[in-house]
Amino acid sequence: MMKTVTTVAELRAALAPLRQNGIAMVPTMGALHAGHVSLVSEARSHADTVLVSIFVNPAQFAPHEDFAASPRTLDADLERLAGAADLVFAPNTREIYPDGFATTITVGGPSAGLETDFRPHFFAGVATIVAKLLIAAAPNVALFGEKDYQQLLVVRQLVRDLALPVQIIGAPTLREADGLALSSRNAYLSAAERGIAARLNVILKDAIAQARAMGNLRAAESQAITALTQVGFAPVDYVTIRDAQDLAPIATLDRPARILAAARIGKTRLIDNMAL
Ligand code: PAF
């Protein structure tokens, strides 16, 4: 029977007798979709106890990003998790950020550029909550989707730098039949926007093919930006091919690389990435 707890003290008490056979954690902000459920099933293969946290973290939203409008669907989320998770940690904001909370964790390295250029507050918010959750639960492994690839690298850097005793596992992006990466944000798309959204993954695949065939990474990126603009994305924040390990800029495909993109359709900002 899945149990839900809301305080760090309850979380630690619930996990104490379960530690022996391992704990796998999936941190989420709720609004769960099939992508989260696949992370939760993968978690099961790493440990006997599967813990999911659901917390819409105000610290990773800028004032204009409308934290209040972010979907809260706790009952539906708990229904989705029943049978897949053992324990859900669903704290309120005061439990995580009590009066007087004054700590922020800033990660360097892979957080430079890309998302940070457009959402400067984002990775400090993510690093602070992820550190707090990992310290509160002390899982053996924690799973993060490759969909948020830069976030995954930032979390790896955080865990390495602070020597947190947890193994971070990145799980492949789940996609719709037409290739659109699953995301809670897809729910905001109108039917017409949903059609445009499906072009993102196709254009990134074309860019990969072009980069491989021609070897000119900058040309492949700028053709992808033009193609995205032509099908209706506005603005295109970035399309870039980077070193897959640390997101450093690269000029040639002489190491594992990743293409990453962010672009807006109407009010919805989509991100996607793929290995080269
Ligand atoms: O990817 C997310 O859902 C969030 O950024 C995370 C990792 C749960 C931190 O709030």
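We'll start with the sheet, move on to the helices, and finish with the cores.

Keep in mind that this is a predicted model. Begin with the open sheet, where six strands line up in the order β1-β4-β3-β2-β5-β6 with parallel pairing. At the edges you'll find β1 (3–5) and β6 (167–171), each with a single partner strand, so one side of each has no neighbour in the sheet. From one strand to the next, the twist averages 25°. Ile23, for instance, has Thr49 in β3 as its bridge partner.

Now for the helices on the sheet. α1 lies across β1, β2, β3 and β4, and runs at about 160° to β4. Helix α3 (residues 74–81) packs on the sheet too, touching β1, β3 and β4, with its direction at about 165° to that of β3.

α1 also meets α6. Their axes come within 9 Å and cross at roughly 45°, which makes α1 oblique to α6. On the α1 side, Val8, Leu11, Arg12 and Leu15 meet Ile135, Ala136 and Ala137 of α6. Sorted by class, that contact has six nonpolar residues, one charged and no polar ones.

In general, nonpolar side chains of soluble globular proteins tend to be buried together. Here the largest nonpolar core has 35 residues, and Leu11, Leu51, Phe89, Val130, Leu134 and Ile168 touch the most other members. α6 gives the most to this core, with 11 residues. Apart from it lies another core, of 25 residues, including Ala197, Leu200, Ile203 and Ile265.

Conventions. Residues are numbered from 1 along each chain as its sequence is written. This is a predicted model: local features need pLDDT of at least 70, side-chain atom pairs count only at pLDDT 80 or more; totals for chains, interfaces and linings use all residues. Side-chain values use heavy atoms; hydrogens and water are left out. A nonpolar core is a set of buried Ala, Val, Leu, Ile, Met, Phe, Trp, Tyr and Cys residues joined through side-chain atoms within 4.5 Å. Buried means under 20% relative accessible area, exposed over 50%, partly exposed in between (1.4 Å probe, protein chains only). Helices (H or I, at least four residues) and strands (E, at least two) are DSSP runs, numbered from the N terminus. Axes are lines fitted to C-alpha atoms, for helices over the stretch in contact, and angles run from 0 to 180 degrees between N-to-C directions. Angles under 35 degrees count as roughly parallel, over 145 as roughly antiparallel, 65 to 115 as roughly perpendicular and the rest as oblique. Contact means heavy atoms within 4.5 Å. Ala, Val, Leu, Ile, Met, Phe, Trp, Tyr, Cys and Pro count as nonpolar, Asp, Glu, Lys and Arg as charged, and the others, Gly among them, as polar. Two strands pair if DSSP finds at least two bridges between them.
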